[in-house]
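Colleague: I have a new structure open and would like to go through it. Can you show it first?

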Amino acid sequence: MTALAARAAASRQALLAVAAPVLGLAAWHMATSGPGYHLIPPPWDVAVQWWDLAFGGVWDDLYSATLGTHAMASLGRVYGGFALAALVALPLGMLIGRIPVVRDLLDPSLQILRPIPVTAWLPLAMIVFGIGPRSAFFLVFLGAFYPILLNTVFGVRSVEGRLFEAAAMLGVGRQAVFWKVVLPASLPSIFTGLRLGLGFAWVVIVVGEMTGVQTGLGAIIMEARQLSRTEIVISGMVTIGVLGFLSDRAVQLLGQRLLRWSPQHG
Amino acid sequence: MDEVLARPKAAAGTMLPILDIRQVDKRFAFGAETITALSDATLRIEKGEFVCLIGPSGCGKSTLLRMVAGFEAVSSGALLMWGKPVSGPGPDRGMVFQDYGLFPWLTVSQNIAFGPVARGRPKAEAAATARRFVEMVGLQRFADAYPHQLSGGMKQRVAIARVLANDAEVVLMDEPFGALDAMTRERLQEELLEIWAKARLSIIFVTHAIEEAILLADRVVVMSPGPGRIIADERISLPRPRDPTGVEFNALRRHLSRLLGSHH
């Protein structure tokens with residue numbers, strides 16, 4: 001493909017990517033603006049509210065210029081819970097994948113716990129960790145934990161048998177085979193697990209922050225709902241969407257660097 | 001014992017074969033049944049010999065190769081390398097698989113340096129070795145490419161280079177060119193013969209193509225299935241390079257296909 005054709009294809013792709021949101025915004029605008037009372041505010045009102053929430057200077061009320069604080073609180077919980085989940089799930093997944101005794105010991109229990117939705121843990125979490133940020137943190141941990149664990153187990157177990165033979169005939173001993181073969185071969189799956197886990201962490205954080213938490217994007221969404229400040233609710237949603245998207249892109253870029261060798265990632 | 005008496009030189013201890021396979025059986029448990037994959041295989045291979053194992057599927061040729069590699073244990077009999085029993089895979093016996101078995105996360109150079117690095121050679125030495133063998137198989141331009149960017153022929157060159165870089169004395173090849181197109185196969189056959197002559201390798205090469213066996217081998221060992229066993233051991237003394245259209249070549253081809261056919 002020539003450079004010109006490549007650029008044309010790229011701009012076409014960008015145009016298509018923007019088309020759907022623009023159409024959505026237009027539809028939203030048509031449905032909510034104009035005379036009469038609307039339960040849902042029009043996009044422009046939300047944009048103004050978001051600006052005030054982020055930088056202040058429009059309404060200068062209780063919420064003005066607080067978005068940064070809330071976003072930082074949520075980000076801390078998302079990445080904290082995610083990091084802790086990765087710290088536990090990665091080694092555990094490798095043990096379950098590699099050592100039959102560990103698999104027989106833990107796999108049945110994990111399979112029974114897995115279908116329980118993370119949100120169903122909320123009441124129990126509030127009893128154990130108290131009403132507040134620690135419960136939210138726990139939910140994020142749990143939400144990220146299973147995708148990381150399951151993909152790590154899968155990755156470690158599905159290493160091609162041929163690679164073990166190749167390593168053995170080249171002189172790799174039993175101990176070294178984990179670092180030389182198992183770990184690099186399962187990296188693409190592990191990576192998929194991390195990406196899914198981070199996605200789930202963003203889903204769960206809002207639920208976790210909806211009860212008894214003072215700061216956080218979930219907390220202002222809930223609070224604004226009670227005050228019928230729907231512009232703030234939508235501003236919070238948009239912020240979560242953007243932050244979640246950016247953090248996924250960051251992970252994806254990291255993956256492309258680390259997994260250049262893999263035709264699925266590189 | 002008859003075996004030893006028939007070869008006075010070996011009995012005198014002056015010429016230890018590099019590989020000595022004596023009355024080897026291989027049985028697999030298949031549910032409640034036991035299947036004999038290989039029965040009473042006896043084969044001596046001298047240093048520097050190029051031996052082709054040929055036969056239809058199920059004749060035990062791959063099983064025999066995998067036992068020499070140390071991937072499978074013998075059920076009975078003895079399998080000796082330089083007089084010592086083979087007890088597992090090792091770098092002295094390098095295997096070239098039909099499906100390459102390259103490490104997809106390593107570049108061409110890194111794949112070739114894998115063995116030396118795994119065996120604790122210093123980094124600089126391993127890199128120099130890798131460079132030498134990258135050059136030998138003519139992949140300088142692809143030294144930093146990953147396996148998924150290579151053609152089948154290039155992948156198989158890497159697989160050959162990586163066992164040579166690891167000082168393999170015996171190279172075991174399991175239908176290595178079976179998945180390649182005809183032109184690439186011919187070129188690799190030529191290159192393999194050059195490398196074999198230069199490096200004084202001993203090669204056991206499994207194939208089901210009669211022509212390939214006659215083209216390459218010093219000896220063609222013919223096997224037949226049900227249970228797998230060795231039915232003939234033919235020396236090919238045609239001078240190299242061999243001409244597949246030649247009269248003697250064709251006579252050999254007829255002879256070998258008759259041997260194979262009579263046991264179907």
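**Chat about the model**

Modeller: Among contacts in chain A between residues at least 6 apart in sequence, 67% join residues at least 24 apart; two residues are in contact if their C-beta atoms, placed from the backbone, lie within 7 Å. This is a predicted model: local features need pLDDT of at least 70, side-chain atom pairs need 80 or more, and totals for chains, interfaces and linings use all residues. Residues are numbered from 1 along each chain as its sequence is written, with chains lettered from A and ligands numbered from 1 in the order in which they are written.

Colleague: How many helices and strands are there in chain A?

Modeller: Chain A has 10 helices and zero strands. Helices (H or I, at least four residues) and strands (E, at least two) are DSSP runs, numbered from the N terminus.

Colleague: And what does chain A span along its principal axes?

Modeller: The C-alpha trace of chain A spans about 80 × 60 × 30 Å.

Colleague: Switching to chain B: what is its mean pLDDT?

Modeller: It is 92 for chain B, and 94% of the residues reach 70 or more. pLDDT is the predictor's confidence in each residue, from 0 to 100. Over residues 1-12 of chain B it is below 50, and this stretch has nine contacts beyond near neighbours in sequence.

Colleague: What order do the strands of the open sheet in chain B take?

Modeller: The order is β2-β1-β4-β5, with antiparallel pairing; two strands pair if DSSP finds at least two bridges between them. The edge strands of chain B are β2 (33-45) and β5 (84-85).

Colleague: Which residue is the bridge partner of B:Met81 in β5(B)?

Modeller: B:Lys84.
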